[in-house]
Structure formats: structure tokens, C-alpha cells
Amino acid sequence: MRSFLTIRTVEIVVCLLLLALSVRVMMEGLRLGAGWSDRGPQSGFFPFALALIMALGLVAALVSAWRETVTRPFFEASEEWIDLLKVGVPAGLAIALTPTLGLYITSGLYVFAFMAWYGRFGWLQALLGGLLVPAGLYLLLRYGFNIAMPMSPWYRQGLLPI
Amino acid sequence: MEALELLAIGFAQIADPARFGFVLLGVVLGLLVGVIPGVGGTTGVAILLPVTVYLEPLSAIVMLAGIYWGAMYGGLITSILFAVPGNPWSVAVMFDGRPLALQGKAALAMSAGFVVSFVGALIAAILFTFFAMPFAELALSFGPPEMFAVLLIAFGTFIGLGGAPAKAAIMIAAGFLLSTVGFDVVTGQPRLTFGQIALLQGFHFVPITIGLFGLGEVLYNASERYKVQIEEMTRAAKLGFHDIVEAVKATIRHFGLVVFSALLGFFTGVLPGAGATPASFMSYGVAQKLSKHPEKFGKGAIEGVLAPEAANNAAGTGSILPMLVLGIPGSPTAAILMAGIFMWGFIPGPRLFVEQTDFVWGFIASLYVANVAAVVICLTATPVLALMLRTPYAILTPIIVVLCIVGAFAIQNSMLDVWLVLIFGVLGFVLRKLEFPLAPLVVALVLGAPTEQALRQSLIMSDGSMLIFFERAISGPLTVAALLLLFLPLLQLLYKKYRGQAAANAG
């Protein structure tokens, strides 16, 4: 699968996506009025002009990517995307869980799971990490700086301090 | 000397033990952030920004700036030892630092880097001290057209000197567009919200920066991880007294080059939009051209370490100057510092120099203090810092990700900002892979509103005529310079075509 996923292919795809976006923004700019009123540019003038500049840049980038004859694979070794997924998916999950479980519970689970699974730490060490990181954060944010963080549903029911 | 008196006031401000402590804390955090793979100085400053709301302004800025300086020193350790530049401005030092390390001279290369970073930063701090007031006085006379012209120079620099003009233009336009989301500053009309109420408040740039530079860097490092063997190299991180003496000797031997690089760095840094990265590459190139033995470059020439390090530290300091004086940050880190200044209740710009003398000069004094602290810590404690590299990756990564979430959420208590981190983290990874420059996007996002405002105010002044930018004494030359920078890549292209055609005709 790596043979066709080259830097060039990805670049072309990204440029096309961004181009679609800039066309959409240009339409929005036109809807808002992209011309000049007696008080200077209308609301849509800037978005329209900027989207146009972006589109021009994208066309230039597309042309130069299209002409590229020698290109490197996007992932040079299979380790690259395996490691990327191993790190990226848990990070994404942690972000996705934060609104429901709250920061402290999520970060505890995240540190614990990542240490045990990716780092191959022993259960005890991972558990220690999963307890110490949220505890440290809680002390720092709650008592040190008094910054509110997302909390768990149990906090709202008064069952947990986090 | 007026500047010296003001500087004395500044030192008196910094002499306060708590503030001095915050300078040190910042530098130490910066060194750690610079050494730890996966977080650069920009991320460090962005994540800690929300926390500083609870500090007094001077402590807050000296701490955040301390992180910036510390990261500059720390970054060279990983560049030299592992060929993993923690920051884009540490790439140039790798060209010769890495070969030196492979020859077993890592300690010498690192000590030389630290010593010369200090000298470069010191020269820049002195220039900063004496340029700040005249610069601020000049800026006081600026109206909207002049501001717009300077802003245009910032974008021109990204496009003309950045190396990838089309990509830089795309990123600038994208950053600008993100900044226009929400209510129109002049007419109050909602723009680009596509009916989403959550988008009405617009995008705050801190979550986007944390996404691009924080999570994006975590992902990028994850994919590059298999290349690096950290364990073997940490042993090379011991600096002996002998190495430090050698490093000082090398710095003195090439003192002319060091001073020149620092000057080049400072002025490139002051140019809004340029920052430390082009400065380090430019001075590396100059060092090679001036050298008596250019063939040694890339194979472990000490000048190849001295020049870019002197330049990038000087440029880092220089890039703060337009931010303080004009409210135009030259680098993403300077942009975050500027957001901080707003949060602490001040407005960056020439009035700051008149109204908040203690704050401004306390900060300038901290430049000296922070750099002395950084060089001393580096020369004595590099083994400890390198030990940080042994912190298991499986512990560091989740902590960095969690800190990204904390930093993004804390800025305005919005979950949307946390999602932005994820979206821009993935985007940042892909764009970095495709070699799109990320700094222009962040800087444009911050400068979007002021640029639009300056343009519209100018056009109201002139009843809609664009000529106003060319007619005024200061804005005229600035606008012309900005346009030249903007069209420099196009001119170069045409020139090349013309030369090619001339050659074809002759042949």
C-alpha cells in the first residue's frame, strides 16, 4: 500500500481539498457581498480576496506537485505509520473522552493504558503513573492556579471531587 | 544615557526575588522543553499561557520569555546528539554539529553552541536596549496606513524569504481566513460561520497553535521515532571543563563571524515575519562563503555550529522587538507572548513604552538575566538535561497530550478548543510532512484582525483610495518594500526564465 501513497499523491489530495474549501469560502464571501460600499469594503470582501489568494497558491502548488517526477513515499518505513497510529489513536481517544469523563479520570486512564500497553511497563508502575499524573495536575490546577477543568458526571452528582 | 537609566530601573524590577525566581523557572522549563523530543518552545509557551493569568504581568512575561530562551539553548542538545532538531531554527546547527558528535566531539560542539548562543543573545540584548526607545518613538507617529504597510512587510517576508512562496501564501491566506470567522469587526455581520453558533465567537489562536505545534509535533515525532537511538548518545552528553575552555577559545578565534552572525540574526529577527529560522540558515551560508576552508562545512566545522547558533538566539531576541513596539509578532512564539500581554491587561505598541516603563524595562533586563542563567545551567548541568531524554517515551507522550488538552481548555473554558487541538494536530502532522510552513498560519491568524482594521481605517481616511499607502512619507517606502518582498519569488522566476531564454538564444 505504501507504493502509491507518495508525498506527491497526498499533496495533490490535500491541495484539492483545500481548493474545494476555498471555493466554498469564496461563495460565502459573494453571499455576504464582496464588493465596495461607500464605507469601504463590504463584509465579504476580505474572505473572498483571501480565499482567492489561497486558491491561486493552491493551483501553483498543485501544478508543481503534478510535475513532480521523483517523489518519496509518504511513509518511508512501515514503522512510521504503525507508530503514528499507536500514538495518535490513544491521543485522539483521550481527547474524545475528556468531555464525558472529565480531564482527571481521562488522563489517569490514558497514562495508565499507554504505559502498560505501549511502554510495556508493569501493571503496578502503570497504575502508579495513572494515579500520580492526575493527582499532580489536580493539585497544580485546582489549588495552584484555580483553573476549572472538565469534570466527570459523578462530580456533578456530588459523588467525586473530580 | 537614557536607555541605561531605564535599564537600571528594569534591573531593579527584576531584582525582586519572586520575579528572579520566575526568570529561572522559565529558563529551566525552556531547557527541559527544548531537550524533550515532542515539545518545542512554542508549545511550551502556549500550554503555560493560561496559567500566567494568575501571575502579575512582569513575572508572567519573564517566565514565558524564559521558556523561549531556554528552549533555544536546549534545542541544540538534541540537534547535535541525535540529529533531531526540536525546533526549526535548530536545523542549521545540525549540519556541522552532528558530524562533530559522530567524531566524538559532541561535548565540544555543545559547549561551543552554548557559549556562542550566549554571546549572540547578549549582543542582541544590547541592541534591543538601545533600539527600543527610538523605535518606539518612531512608532508613535504611525497611523493606520503605516501599520498596514508594516503588516504587509511581515507577510512579504514570509513569502519572499521563506523559501516556498506558494505554500507560504496558502498558509497566510488560511490563517487570515480563520481569523475572519465570527463577527465582522466593522459591520458586526457574522462571517464564515456557516450557520454554526459555536463559530460566532471566532477561533482563538492558542488552541490552533497548540494543535499545530503541540499535538502535531507529538504525531510527527511518533512517526520519526524508529530512526532515533537515544540510549547510546546520552552518554556523550558530559561536558568537561576542557571542552568549555576549547569552546570559549573557538568563539574568540571566530569572534568576527560570531558578531556578524549575531547582527544578521538580530536584524532578520526584527524584520516582522522572518524570525530565527531564516536567520540561522542565512548565517550558516555566510559562514561557509567567508570560510578559508568551505569544503570542511557539513563535515564538522566548528564555524558551522557558531554562526547559526549566534544568529538564531539573536533573532529570537530581535523578534520580540516589533511585537512590543508595534504589536506585530515576528514568530509564533512572539505571537503567543503578545496574546499574553493582552491577557495581562496591556496593549502592545509604542504606548506601552510610555505608560508601562517598569514592565517593558523589567522585561528587557530579564533578557540579560535569563541568558546568563541559561548559559550557566547549560554548561554545568547538561548531563542532567540529557538524562531527561531517558524519561520513557510512554510516560512523556500522554503527559504532553494531556497538557495540550489542559492548555487549550483553560484559555476560554471551551470544549470546542480541545477539539480544535485534535483537528489541527492531525492537520499539522500532514502539513509538516508535506513541508508546508506552519509559522505563517499562526502569525496571520493573530495579525488578521489588526491587518483588516488597519486597511479599513486607512481606506476610510482616504475615501476608498489605495493611493494613501504610497503617498505618505513613512508608509510609502514601507509599502514599496513590502510589495517587492511579496513579488520577489515571481521576479526571480521571471529572471530565471529570461536568463534561460537568453542562453538558449545565444546557444
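Predicted model: local features only at pLDDT ≥ 70, side-chain atom pairs only at ≥ 80, totals over all residues.
Reader: Is V375(B) buried or exposed?
Author: V375(B) is buried, because there are 21 C-beta neighbours inside 10 Å and the cut-off for buried is 20 or more.

Reader: And what does V375(B) touch, leaving out residues up to four places away in sequence?
Author: With those left out, V375(B) touches F114(B), V115(B) and F118(B).

Reader: How many residues apart in sequence are V375(B) and V119(B), and what is the C-alpha to C-alpha figure?
Author: V375(B) and V119(B) are 256 residues apart in sequence, yet 9.6 Å apart in space, C-alpha to C-alpha.

Reader: Nice. Zooming out, what does the secondary structure of chain B come to?
Author: Chain B has 22 helices and two strands. Its radius of gyration is 22 Å, close to the 23 Å from the globule rule for 507 residues, so chain B is as compact as a globular protein of that length.

Reader: What does the C-alpha trace of chain B span, and how many of its residues are buried?
Author: The C-alpha trace of chain B spans about 70 × 70 × 55 Å along its principal axes. Buried residues make up 62% of the 507 residues in chain B.

Reader: What about contacts in chain B between residues 24 or more positions apart?
Author: Those account for 80% of the contacts in chain B with a separation of 6 or more.

Reader: OK, over to chain A. What helices and strands does chain A have?
Author: Chain A has six helices and two strands. Along the sequence, the pattern reads α-β-β-α-α-α-α-α.

Reader: What radius of gyration does chain A have, and what would a compact globule of 162 residues have?
Author: Chain A has 24 Å, whereas a compact globule of 162 residues would have a radius of gyration near 15 Å. The C-alpha trace of chain A spans about 60 × 50 × 25 Å along its principal axes.

Reader: And the buried share and the contacts in chain A?
Author: Of the 162 residues in chain A, 33% are buried. For contacts in chain A between residues at least 6 apart in sequence, 53% join residues at least 24 apart.

Reader: Let's talk about the interface. How many residues of chain A are in contact with chain B?
Author: There are 55 residues of chain A in contact with 49 residues of chain B. Several elements of chain A each supply at least two residues to that side, among them α1 (7-32), β2 (40-41) and α2 (45-67). The largest share, 13 residues, comes from α3(A).

Reader: What is the make-up by class of the side of chain A that touches chain B?
Author: That side of chain A has 39 nonpolar, 10 polar and six charged residues.

Reader: I'd like to look at a helix pair. At what angle do α2(A) and α8(B) cross?
Author: The axes of α2(A) and α8(B), residues 165-180 of chain B, cross at roughly 155° and come within 8 Å. The two helices are therefore roughly antiparallel to each other. Their crossing is left-handed.

Reader: Which residues meet there?
Author: From α2(A), the residues include F46(A), L50(A), M54(A) and L58(A), and they meet a set in α8(B) that includes I170(B), F176(B) and L177(B). By class, the contact of α2(A) with α8(B) has 16 nonpolar, two polar and one charged residues.

Reader: What about E435(B)?
Author: E435(B) is not a glycine, but has a positive phi of about 60°. E435(B) lies in the loop between α19 (415-433) and α20 (439-461) of chain B, and is exposed, with 11 other C-beta atoms within 10 Å.

Reader: Last one: where does A126(A) lie, and is A126(A) buried or exposed?
Author: A126(A) lies in helix α5 of chain A and counts as buried, with 21 C-beta neighbours inside 10 Å. Not counting residues up to four places away in sequence, A126(A) touches F112(A), M115(A), A116(A) and F121(A). A126(A) and A113(A) are 13 residues apart in sequence and 7.4 Å apart in space, C-alpha to C-alpha.

Methods
Residues numbered from 1 in each chain as written. Chains lettered and ligands numbered in written order. Helix = DSSP H or I, 4+ residues; strand = E, 2+ residues; numbered from the N terminus. Rg over C-alpha atoms; globule rule 2.2 N^0.38 Å. Buried ≥ 20, exposed ≤ 12 C-beta atoms within 10 Å, placed from the backbone. Contact = placed C-beta atoms within 7 Å. Nonpolar A, V, L, I, M, F, W, Y, C, P; charged D, E, K, R; others polar. Axes fitted to C-alpha atoms, helices over the stretch in contact; angles between N-to-C directions. Parallel < 35°, antiparallel > 145°, perpendicular 65-115°, else oblique. Left-handed = near helix turned anticlockwise from the far one by under 90°.
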